[in-house]
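User: I would like to go through the labels used for this model and ask what each one rests on. Please set the values against the cut-offs.

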Amino acid sequence: MAAVTWKCPNCGGGLTFDPDSQKFECEYCLSQFNQAELEQIVPDEGEEQPDTAKEQADEFVPVLYMCPSCGAEIVTDETTAATFCFYCHNPVVLKGRLDGAYQPDYVLPFAIERERAKEIFLTWLKKKRFVPADFYSPEQIEKMTGVYFPYWLYSCQVDGQMEAEATKLRVWESGNVRYTETQKFDVSRKGQMKVDHVTRNALKKADKQLVEGVMPFDLKQLKTFSMEFLSGFFAEKRDMEQGEFKEEIEAEVQDFAKNSLRSSVGPYNQVNVTTQRAEIRNPMWKYALLPVWTLTYKGKGDEKIYYFACNGQTGKLCGKLPVDFAKLWIFFFEMFLPLLAALLVVGYLI
């Protein structure tokens, strides 16, 4: 397999996708190209390199590529599809990783650029008083990475039907007598529901809370997949298949359809469902790469991995933050000691 870079036809610099302008830019001569223009540029390809399959700790399988810009070796794992050369820093898309059965149907381009993602991160941290300072140090923030994560998108149509017995009560008083009227009804509901793009993470090594915590995405903005959008970002290919989600998603869709039918029943005092079904038709799976800004941090002492994640399209964020216990103790003593001194003084005077 070979590595691929797109070079600026004006100066030869590496081209990257800019979320702000939605164009491909050269950071050297500042030229800009739209997707149609970029498709006319023949990408530079490195030499074909055999995969290296040495099993190492944590089941990491290193794979070697040759950077087409400087010739340096690029070491990745089996799921990485786009990265940067460590030596010349040019963006590199790894040819072959997203071909054939692994070629995505769609890509959702980044709409939030790096500087905006940093602003969102720092604004969010202002409300987090006990986070270690090195979690948001300039050196740490520079590690923020734009990653296209792989997701499966499931769509279908559901035919639902429900039969139920419903009861409505009316109570009133006349003089000293209380009356109760009980009315019974046969209730029938039937309908069709279209389900679009139920989303599931398709990468085993991805933190589930991270990649699902930034959902939902506005999937109306999906574009037909083209590798050019990956230039300037990291990207991962899927290593989980449809079958791993099929039963879970079908049960979720059927439950949603049944609950929708049940909620459509009018204001009865009691509803007893006798029969209910939700039949799935025309299931369809699509594979998409969706944008996320990520920042990870290894906790000092506990060695746990903490993270910040920002939806690269909408700006929705989530995170799992470390706690600086020194700051926590300082806050405790700042609040507790004055209170203790005041209580001692009051006790002494009494």
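User: Which residues does Leu230 touch, not counting residues up to four places away in sequence?

Analyst: In this predicted model, Leu230 touches Ala82, Val93, Leu98, Tyr148, Phe225, Ala235 and Leu289. A contact here requires heavy atoms within 4.5 Å.

User: What makes the set around Leu230 a nonpolar core?

Analyst: Membership requires buried nonpolar residues joined through side-chain atoms within 4.5 Å. The largest such core has 55 residues, and Leu230 is listed with Phe121, Tyr148, Val158 and Val253 as having the most contacts inside it. Strand E15 gives the largest share of this core, 8 residues. A second core of 20 residues is separate and includes Tyr151, Ala288, Val292 and Tyr307.

User: Why is strand E8 called largely enclosed?

Analyst: Of the 5 residues of E8 (residues 80–84), 4 are buried, so the strand is largely enclosed by the rest of the structure.

User: What is the pairing of E11 and E12?

Analyst: Strand E11 (residues 145–174) and strand E12 (residues 177–201) are antiparallel, with 23 bridges. Glu165 stands opposite Asp186 in E12. The hairpin has 2 residues between the strands, and Gly175 there takes a positive phi near 65°.

User: How many aromatic pairs are there, and why is Trp152 with Tyr287 called tilted?

Analyst: The count is 16 aromatic pairs. For Trp152 and Tyr287 the distance is 5.6 Å centre to centre, with 40° between the planes. A pair needs centres within 6.5 Å; stacked needs under 30 degrees and edge-to-face over 60, so an angle between these cut-offs is tilted. Trp152 lies in strand E11 and Tyr287 in strand E15 (residues 270–298), so the pair ties together parts that are 135 residues apart in sequence. Both Trp152 and Tyr287 are buried.

User: Why is the pair of Trp172 and Tyr179 called stacked?

Analyst: The ring centres of Trp172 and Tyr179 are 5.4 Å apart and the planes meet at 15°, so the pair is stacked; the cut-off for that label is under 30 degrees.

User: Where does the charged end of Arg170 sit?

Analyst: The charged end of Arg170 sits over the ring of Trp172, 4.1 Å from its centre. The distance limit for this label is 6 Å. Likewise, the charged end of Lys237 sits over the ring of Tyr102, at 4.4 Å from the ring centre.

User: Why is Gln313 called buried?

Analyst: Its relative accessible area is 16%, and the limit is under 20%, so Gln313 counts as buried. Gln313 is in the loop between strand E16 (305–311) and strand E17 (317–320). Gln313 touches several residues beyond four places away in sequence, among them Leu108, Phe217, Gln221 and Pro291.

User: What makes the approach of Gln313 to Asp218 a polar contact?

Analyst: The side chain of Gln313 reaches the backbone nitrogen of Asp218 at 2.8 Å. The distance limit is 3.5 Å, so the pair falls inside it.

Terms used: Residues numbered from 1 in each chain as written. Predicted model: local features only at pLDDT ≥ 70, side-chain atom pairs only at ≥ 80, totals over all residues. Heavy atoms only, no water. Pairing = 2+ DSSP bridges. Phe/Tyr/Trp six-rings, centres within 6.5 Å; stacked < 30°, edge-to-face > 60°. Buried < 20%, exposed > 50% of the residue type's maximum accessible area, 1.4 Å probe, protein only. Lys NZ or Arg CZ within 6 Å of the ring centre and 35° of its normal. Polar contact = N/O pair within 3.5 Å; in protein donor to acceptor, adjacent residues only side chain to side chain.
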